[in-house]
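Q: I would like a close look at a single part of this model, taken slowly and in plain terms.

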Protein chains: 2
Amino acid sequence: MPKPTFYNLPEEKRNLIFRHALEEFARFPYERASLSAIVNRADIAKGSMYQYFTGKKDLYVYLIQEVYARKREFLQPVWEQKEKVDFFELASLYYKRSWHFARQYPLHHRVTVNFWDSKDAALREEILRKKEIRISEFSEMLELGLLSGVVSPDINKEAVWFVYHAVAKALVDNFLDPNINAESHEAYINSVLTVLERGLRPRKE
Amino acid sequence: MPKPTFYNLPEEKRNLIFRHALEEFARFPYERASLSAIVNRADIAKGSMYQYFTGKKDLYVYLIQEVYARKREFLQPVWEQKEKVDFFELASLYYKRSWHFARQYPLHHRVTVNFWDSKDAALREEILRKKEIRISEFSEMLELGLLSGVVSPDINKEAVWFVYHAVAKALVDNFLDPNINAESHEAYINSVLTVLERGLRPRKE
DNA sequence: CAACAATGTGACCGGGTGGTCACATGGGAG
DNA sequence: CTCCCATGTGACCACCCGGTCACATTGTTG
């Protein structure tokens with residue numbers, strides 16, 4: 001919730017602020033990111049920033065909101081396949097497309113990773129609780145998998161969640177790695193998801 | 001490498017410093033932890049601290065070293081089973097005992113988690129490169145599993161590593177959760193490891 | 001007791017932060 | 001041309017940080 005003043009700004013200036021906030025919060029997690037650095041680099045007076053936002057947190061919430069809006073938009077095509085493919089294929093599509101998002105909008109991606117890594121869980125909770133942001137459809141996806149029986153229902157459901165989330169998060173974090181081979185990365189994502197699907201122990205089937 | 005002065009201190013005072021450093025670095029990751037807070041709470045002059053350690057980093061490295069020494073000691077009994085049980089059972093023993101460590105020494109545990117979560121990868125690298133600390137035997141464990149054929153060798157080995165690490169890290173992070181049911185937690189760890197072992201997709205075997 | 005080295009001390013430094021405020025600027029409306 | 005209100009500004013505030021240093025205190029040794 002930026003102040004009304006912010007929306008009165010010409011689009012160009014709003015973008016200027018957004019861009020520099022994005023850069024700063026991509027470089028550092030919330031606590032270490034510097035508002036002073038943002039205003040300096042954007043060549044804006046500190047005071048002006050406080051005409052647009054009530055403070056650092058307000059700016060951050062706005063940024064997170066925008067970033068996730070963009071990501072949702074980007075992942076839209078994947079959700080349209082929801083009824084057509086099974087859980088594992090959907091997951092594959094989801095992470096491959098997420099990876100493309102990370103490549104295309106690396107700063108956006110870093111912001112999301114920093115958001116989840118933030119040790120200030122209270123802040124994250126506060127942002128999520130406002131429901132202004134719907135972060136992810138993980139839940140929905142896995143729920144579908146369980147319902148359809150593609151995901152084994154006879155083991156501790158909570159544990160299934162746990163493992164799925166752990167792998168998913170690590171996968172997304174991993175997108176940051178700069179020296180990933182572009183051509184093979186989709187294949188790599190598939191390999192990881194296969195391990196998740198089939199388990200470490202060899203199957204006799 | 002604390003200065004010699006530190007080791008000349010009476011044990012009681014060394015412990016005092018250790019305890020308060022432990023508390024601070026358990027509460028916050030390296031960058032946000034405050035040396036001033038430590039000396040204030042320990043009721044020691046700032047200058048004194050600089051008689052014992054060359055600076056904040058020096059104190060931190062010392063602390064990490066001590067914490068991991070304690071943890072290794074605690075996990076010793078598990079490694080003695082190395083030849084007797086298979087990979088999955090060893091992993092189960094390892095994480096259950098790690099959980100007990102986390103319960104018994106919650107501050108130590110938080111310090112280790114903060115250590116790995118630190119965004120200052122350079123610092124972590126520096127500490128690890130000194131080899132003064134050997135953090136974990138994950139590698140060794142998984143290698144054994146692969147060799148013995150208990151862990152499937154016919155899927156991308158790198159991906160196996162990836163999934164294993166992701167789940168292991170999440171499992172350890174999870175120990176922090178305050179409202180875990182003590183009685184059922186060992187069972188929960190087993191459930192998670194079972195999912196890791198058998199995969200999400202149901203087996204026909 | 002004197003001498004001397006080791007250790008303890010906290011005011012102080014430079015530099016950073018998020019946030020404030022009295023004032024300058026600018027662009028319609030009358 | 002003037003008035004007025006929205007907006008722009010940057011010096012400034014209080015507070016924190018890690019680190020330093022001149023000096024006080026202590027303890028052992030001759």
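Through what surface do the copies, chain A and chain B, meet? Please describe that interface closely, and then place it in its surroundings.

A: This is a predicted model, and what follows describes that prediction. The interface residues of chain B are, for 93% of them, also interface residues in chain A, so the copies meet through the same surface.

Chain B is superposed on chain A by a rotation of 179° with 0.0 Å of shift along its axis, and the RMSD is 0.1 Å. That is the relation of a two-fold axis. Within chain B, B:Gly199 has the C-alpha nearest the axis, at 1.7 Å from it.

Next comes the extent of the interface. On one side are 41 residues of chain B, in contact with 38 residues of chain A. The size of an interface is often given as the accessible area lost when the parts come together. Here the area buried between chain B and chain A is about 3,600 Å². Carbon and sulfur atoms give 67% of that area.

There are also polar and charged pairs across the interface. Between chain B and chain A, 16 residue pairs are in polar contact, with both residues at pLDDT 80 or more. The count of salt bridges between chain B and chain A is four. Side chains of opposite charge can pair when their charged atoms come close. B:Asp86 and A:Arg201 form a salt bridge, in which the closest N and O atoms are 3.6 Å apart.

The side of chain B that touches chain A can also be described by its elements. Those that give two or more residues to it are helix H6 (87–104), helix H7 (106–117), helix H10 (157–174) and helix H11 (182–198) of chain B. Of these, H10(B) gives the most, with eleven residues. Sorted by class, this side of chain B has 21 nonpolar, eight polar and twelve charged residues.

To place the interface, look at the chain itself. Chain A has eleven helices and zero strands. The C-alpha trace of chain A spans about 65 × 35 × 30 Å along its principal axes. Over all chains, the count of salt bridges comes to twelve. A salt bridge also forms inside chain A, between A:Lys157 and A:Glu143, with the closest N and O atoms 3.5 Å apart. A:Lys157 lies in helix H10 (residues 157–174) of chain A and A:Glu143 lies in helix H9 (residues 138–148) of chain A, so this pair ties together parts that are 14 residues apart in sequence.

Sugar and phosphate account for 57% of the atoms of DNA strand C that come within 4 Å of the protein. An N or O atom in the side chain of A:Ser34 is 2.9 Å from a phosphate oxygen of DNA strand C. From chain B, a polar side-chain atom of B:Tyr52 lies 2.8 Å from a phosphate oxygen of DNA strand C. The elements that give two or more residues to the surface near DNA strand C are helix H3 (35–42) and helix H4 (46–52) of chain A, together with helix H1 (4–8) and helix H4 (46–52) of chain B. H4(B) gives the largest share of this surface, five residues.

DNA strand D is surrounded by 18 residues, and the closest are A:Asn8, A:Gly47, A:Tyr52, B:Ser34 and B:Tyr50. An N or O atom in the side chain of B:Ser34 is 2.7 Å from a phosphate oxygen of DNA strand D. Helix H1 (4–8) and H4 of chain A, together with helix H3 (35–42) and H4 of chain B, are the elements that give two or more residues to the surface near DNA strand D. Here the largest share, five residues, comes from H4(A). By class, the residues of this surface divide into five nonpolar, nine polar and four charged.

Notes:
Residues numbered from 1 in each chain as written. Chains lettered and ligands numbered in written order. Predicted model: local features only at pLDDT ≥ 70, side-chain atom pairs only at ≥ 80, totals over all residues. Heavy atoms only, no water. Contact = heavy atoms within 4.5 Å. Buried area = accessible area lost by both parts, 1.4 Å probe. Salt bridge = Lys/Arg side-chain N within 4 Å of Asp/Glu carboxyl O. Polar contact = N/O pair within 3.5 Å; in protein donor to acceptor, adjacent residues only side chain to side chain. Helix = DSSP H or I, 4+ residues; strand = E, 2+ residues; numbered from the N terminus. Nonpolar A, V, L, I, M, F, W, Y, C, P; charged D, E, K, R; others polar. Near = heavy atom within 4 Å. Least-squares fit on C-alpha atoms with pLDDT ≥ 70 in both.
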